[in-house]
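This briefing covers aromatic ring pairs and strand pairing in a single model. Please consult the sequence and the coordinates alongside the text.

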Amino acid sequence: IEFKDALKILADRAGVALSDNKREENSNLLKIISLAKNHYIKNLHESINAKKYAHDRGLSDESLKTFEIGYAKKEWQDLYNILKSNNFEDSDIVDSGMVIKTEEGKIYDRFRGRLIFPIRNISGATVGFTARILPEYDDGKSGKYVNSPETSLYHKSRILFNYDLAKKHIAEKREVILVEGQMDAVMSYK
């Protein structure tokens, strides 16, 4: 891991607060992403169709819980309205990558009608998402998968899906198996 990540891990373990503006900004973004993750999990448990799709793909309830898989409703501002009701500023919501702001200033949810896979850093904090469209919403015009954009928390080239859960086993076995997608990783873990 990089020095700054090691510093954060050790500071957290020792109960020491690292203070800088970037850390405070990242803390706010982590709160937004955590609230989003919890909202998506709630949505999954309330959606018969999304849960059926997850089960049909071979995801057990245990896998859904372990990987904190959720569901983004098809609505344009479902998550945005939740975040606003929790007093988050538009600028922070946009910076988190959870919504898209158009040139005209309109804001809408990045993920809609999709099964949501949280992407966690080495410490297990959710820093982004990848999302697979449910077949019923696949019009062939949008990608099957949509990912969080690069943010101050999420850098695609520095994060490996499931590494937070697999690192202990990798160290013990002294070997690793890499697979292409999130579903492959979840099924292999299962």
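The count of aromatic pairs comes to five, where rings of Phe, Tyr and Trp (its six-membered ring) pair if their centres lie within 6.5 Å, and planes under 30 degrees apart count as stacked, over 60 as edge-to-face and the rest as tilted. This is a predicted model, in which local features need pLDDT of at least 70 and side-chain atom pairs count only at pLDDT 80 or more, while totals for chains, interfaces and linings use all residues. Residues are numbered from 1 along each chain as its sequence is written, and side-chain values use heavy atoms, with hydrogens and water left out.

**Aromatic pairs**

- Phe67 and Phe161 form a stacked pair, with 6.1 Å from centre to centre and 20 degrees between the planes.
- Phe67 lies in the loop between α4 (61-66) and β1, and Phe161 in the loop between β6 and α7 (163-173), so this pair ties together parts that are 94 residues apart in sequence. Helices (H or I, at least four residues) and strands (E, at least two) are DSSP runs, numbered from the N terminus.
- Phe67 is buried at 2% relative accessibility, and Phe161 also counts as buried, at 18%. Buried means under 20% relative accessible area, exposed over 50%, and partly exposed in between (1.4 Å probe, protein chains only).
- The pair of Trp76 and Tyr108 is edge-to-face, because the ring centres are 5.4 Å apart and the planes stand at 75 degrees.
- Trp76, in the loop between β1 and α5 (78-85), and Tyr108, in strand β3 (residues 107-109), are 32 residues apart, and their pair links distant parts of the chain.
- Trp76 counts as exposed, at 54% relative accessibility, whereas Tyr108 is partly exposed, at 23%.
- The charged end of Arg112 sits over the ring of Trp76, 3.9 Å from its centre; the criterion is NZ of Lys or CZ of Arg within 6 Å of the ring centre and within 35 degrees of the ring normal.
- Tyr40, Phe111 and Phe129 form one aromatic cluster.

**Sheet arrangement**

- Four strands form an open sheet in the order β1-β4-β5-β6, with antiparallel pairing; two strands pair if DSSP finds at least two bridges between them.
- β1 and β6 (145-147) stand at the edges with a single partner strand each, so one side of each has no neighbour in the sheet.
- Neighbouring strands of this sheet are turned by 35 degrees against each other on average, direction ignored. Axes are lines fitted to C-alpha atoms, for helices over the stretch in contact, and angles run from 0 to 180 degrees between N-to-C directions.
- Helix α3 (residues 48-56) packs on the sheet and touches β1, β4 and β5, its direction making about 65 degrees with that of β4; contact means heavy atoms within 4.5 Å.

- In strand β4 (residues 114-120), seven of the seven residues are buried.
- Side chains in a regular strand alternate between the two faces of the sheet. In β4, Arg114, Ile116, Pro118 and Arg120 are on one side and Leu115, Phe117 and Ile119 on the other, all buried.
- Three bridges join strand β1 (residues 70-72) to β4, and Ala72 stands opposite Arg114.
- β4 and strand β5 (residues 126-133) are joined by seven bridges, with Thr126 in β5 as the bridge partner of Arg120.
- The hairpin of β4 and β5 has five residues between the strands, and Gly124 in the turn has a positive phi of about 95 degrees.
- β5 pairs with β6 over three bridges, and Ala131 stands opposite Val146 in β6.
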